[in-house]
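Subject: A structure for you to explore

Hello,

Here is the structure I promised to pass on to you. Please open it next to this email and look up each residue as you read.

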Amino acid sequence: LLVDRLVIGVAINRDKSPLFTLEERVEMLERDCADLSEQTGTEIIVHPFENLLINCAHDVGAQVIVRGLRAVADFEYEFQLATMNRSLAPDIESIFFTPKDTLIYVSSSLVKEIATFGGDVSRFVPENVKTALNNKIAN
């Protein structure tokens, strides 16, 4: 067990145009994380936020921010963000995980494009997300 409590921050990014609202994204995560929380014994909290990530981390009492790195291109941005966050809040550390090699190429943009053209996204997202995605695209 890496942690006994995991807070998943769900942000509004005004520079992006997400397909799902903040509320829809939170609901999908809560649904998928309920079983995971029970299986692992880790308390999982889904926390929407609209401020700086570092402020969100302080709001929930986090000691560590966990981020994912898919490719070298992600590293430069994530390193810059981690350095800025350390400057703003030296009491909070950033750590990074890499994905399984079978998922390294997956991005929300690609999944959305596959679904838009009728492709099967079930290998990349949970069933409830696949259903929501297909319903959203159909409307």
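Let's begin with a single side chain: Asn85 counts as buried, because its relative accessibility is 6% and the cut-off for buried is under 20%. This residue lies in helix H3. Which residues does Asn85 touch, once those up to four places away in sequence are set aside? They are Leu53, Ile54 and Ile65. Please keep in mind that this is a predicted model, and that every value in this email is computed from it.

The whole protein

Now zoom out. The protein has five helices and four strands. Followed along the sequence, they come in the order β-α-β-α-β-α-β-α-α. Along the principal axes, the C-alpha atoms fill a box of roughly 45 × 35 × 30 Å. There are 139 residues, and 24% of them count as buried. The accessible surface comes to about 9,900 Å², with 55% of it belonging to carbon and sulfur atoms. If you take the contacts with a separation of 6 or more, 61% of them are between residues 24 or more positions apart.

Strands and crossovers

Strand S1 (5-11) and strand S2 (residues 43-49) run parallel and are joined by seven bridges.

Strand S3 (residues 64-68) pairs with S4 in the parallel sense, over five bridges. Which residue in S4 is the bridge partner of Gly68? The partner is Phe97. Together, S3, H3 and S4 make a right-handed β-α-β unit, so Asn85, as a residue of helix H3, sits in the helix of that unit.

While you are looking at strands, here is a general point: in a regular strand, side chains alternate between the two faces of the sheet.

Is Arg14 buried or exposed? Arg14 counts as exposed, at 65% relative accessibility. Asn13 counts as partly exposed, at 36%.

Asn13 and Phe49 are 36 residues apart in sequence, and their C-alpha atoms are 10.0 Å apart. Arg14 and Ile45 are 31 residues apart along the chain, and their C-alpha atoms are separated by 23 Å.

Nonpolar cores

The largest nonpolar core has ten residues, among them Phe20, Met28, Val106, Val111, Phe124 and Leu133. Which elements give two or more residues to this core? They are H4 and H5. A second, separate core has five residues, including Ala57, Ile65, Ala89 and Ile92.

Leaving aside neighbours within four places in sequence, Val106 is in contact with Arg70, Val111 and Phe124.

Aromatic pairs

How many aromatic pairs does the count come to? It comes to two. In one of them, Phe75 and Phe79 are stacked, with 5.6 Å from centre to centre and 25° between the planes. These two residues are four apart in helix H3 (residues 72-88), so about one helical turn separates them. Phe75 is partly exposed, with a relative accessible area of 44%.

The other pair, Tyr105 and Phe124, is edge-to-face, with 6.3 Å from centre to centre and 85° between the planes. Tyr105 lies in the loop between strand S4 (93-97) and helix H4 (108-116), whereas Phe124 lies in the loop between H4 and helix H5 (127-138), so the pair ties together parts that are 19 residues apart in sequence. Tyr105 counts as partly exposed, at 47% relative accessibility, while Phe124 is one of the residues of the largest nonpolar core.

Enjoy exploring, and do write back with your questions.

Best wishes

Methods: Residues are numbered from 1 along each chain as its sequence is written. This is a predicted model: local features need pLDDT of at least 70, side-chain atom pairs count only at pLDDT 80 or more; totals for chains, interfaces and linings use all residues. Side-chain values use heavy atoms; hydrogens and water are left out. Rings of Phe, Tyr and Trp (its six-membered ring) pair if their centres lie within 6.5 Å; planes under 30 degrees apart count as stacked, over 60 as edge-to-face and the rest as tilted. Buried means under 20% relative accessible area, exposed over 50%, partly exposed in between (1.4 Å probe, protein chains only). Two strands pair if DSSP finds at least two bridges between them. A crossover is right-handed if, with the strands pointing away from the viewer, the path from the first strand over the helix to the second runs clockwise. Contact means heavy atoms within 4.5 Å. Accessible areas come from the Shrake-Rupley method with a 1.4 Å probe; for residues, only the protein chains shown count as cover. A nonpolar core is a set of buried Ala, Val, Leu, Ile, Met, Phe, Trp, Tyr and Cys residues joined through side-chain atoms within 4.5 Å.
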